[in-house]
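Open the model in your viewer and keep the selection panel at hand. The tour goes stop by stop.

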Amino acid sequence: MGYGAIMSLGVPATGATLSHAHFLNHHFAAHASALPLFPATLPKHILIKPSRLRRTRAAVLSSAAGVGGAMLQDAAATALVVGGAYVLVSTFDNLTRRNIIEQTLSRKLVHILSGLLFWHPGQSSGARYFASVVPSLNCLRLVMNGLSLTTDEGLIKSVSREGKPEELLRGPLYYVLVLILCAIVFWRESPVGMISLAMMCGGDGIADIMGRRFGSVKIPYNPQKSWAGSISMFLFGFLVSIGMLYYFAVLGYIQLEWMQTLERVALVSFVATLIESLPTTGIVDDNISVPLASMVTSFGFRLLAHCRSALLLYLSFHIMNVGNQSYSLFLAARVYTTIEW
């Protein structure tokens, strides 16, 4: 349709067809001029009151200050733990040099205390990484002294059995690597890391001390282990595990059903004690076998709980006659996957 035909619908013609530019100017100039490029006022939903803007800025600054304050607290706590770890090792080194305590006792006390004290309750979202700084620094010290790049006689005497630098690259190194793993992977949100840490530090550490003092009666299948050491490991591993879980539960980091927790921790302690008593010292170090057994058993409990819950859901839907067997299984799977364990 030509512009002349369009004009015949009410647009006065001048006897000739208007050009394209004239047509646009005639029809749209008036409407375009009615739309200001920069309106004098904005719609109400776009306007932001200055007071609201100030409150928003204050909230952002307060949140940033809170995050920064939490990180500063974690950094300060990490610095204190680093200093405390150095003082701990130096103290037992001095006690050993003065023949106040034996080297084996000194080594085990460092083994017990250093693993439990570094687990401080951080405040920031990166608290697990701050906590891992202490074992990471100790890992670096062990590697440097184990490779004889530096020589720290106090460290070597405190954590080695025979005073040889290369010993630092075995049990002590495995120990700090497990601490780093528990801090970064599990941290305080998972009981698995706490129980594994407690069994390695508290349980295994006490087992050696009690076994050397009262271990005259040996286990039949392993003459290097005693009943006194194994019983002490079970008891103290259980108690230290419950103590750590209770501590972080009171702080609000985890929620537990305590009767069920007591049963599961007791069984984890039994399995870890059984693994520690096996004659595998020359094959795998206790600082690997004990926490690994604790982790596998703890995860096994979770897997069994999940399977049992899924089975109960399936049976419930089937008994209620919701539908056929496949549909009941489908509903059970859907409900099961929505449960937060």
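How far apart do the end C-alpha atoms of residues 168–187 lie? Select them: the distance is 25 Å, and the span is 80% helix and 0% strand. Helices (H or I, at least four residues) and strands (E, at least two) are DSSP runs, numbered from the N terminus.

This is a predicted model, in which local features need pLDDT of at least 70 and side-chain atom pairs count only at pLDDT 80 or more, while totals for chains, interfaces and linings use all residues. Residues are numbered from 1 along each chain as its sequence is written, and side-chain values use heavy atoms, without hydrogens and water.

Next, select residues 231–254. Their end C-alpha atoms are 29 Å apart, with 83% helix and 0% strand. The unreviewed UniProt entry places "transmembrane region" at 58–89, 168–187 and 231–254; such annotations may be inferred rather than shown by experiment.

Move to helix 3 (residues 50–97) and pick Ala70. Ala70 is buried, at 12% relative accessible area. Buried means under 20%, exposed over 50%, partly exposed in between (1.4 Å probe, protein chains only).

Then show helix 4 (residues 103–117). Its buried residues include Lys108 and His111.

Finish at Asp204 in helix 9 (residues 191–214). Asp204 touches Lys108, His111, Met199, Met233, Glu276, Asp286 and Asn287, leaving out residues up to four places away in sequence; contact means heavy atoms within 4.5 Å. Asp204 is buried but has no salt bridge. That would take a side-chain nitrogen of Lys or Arg within 4 Å of a carboxyl oxygen of Asp or Glu. Lys108, the nearest side chain of opposite charge, is 4.1 Å away; Lys and Arg count as positive, Asp and Glu as negative, and His and the chain ends are not counted.

Methods: The expected span of a helix is 1.5 Å times one less than its number of residues.
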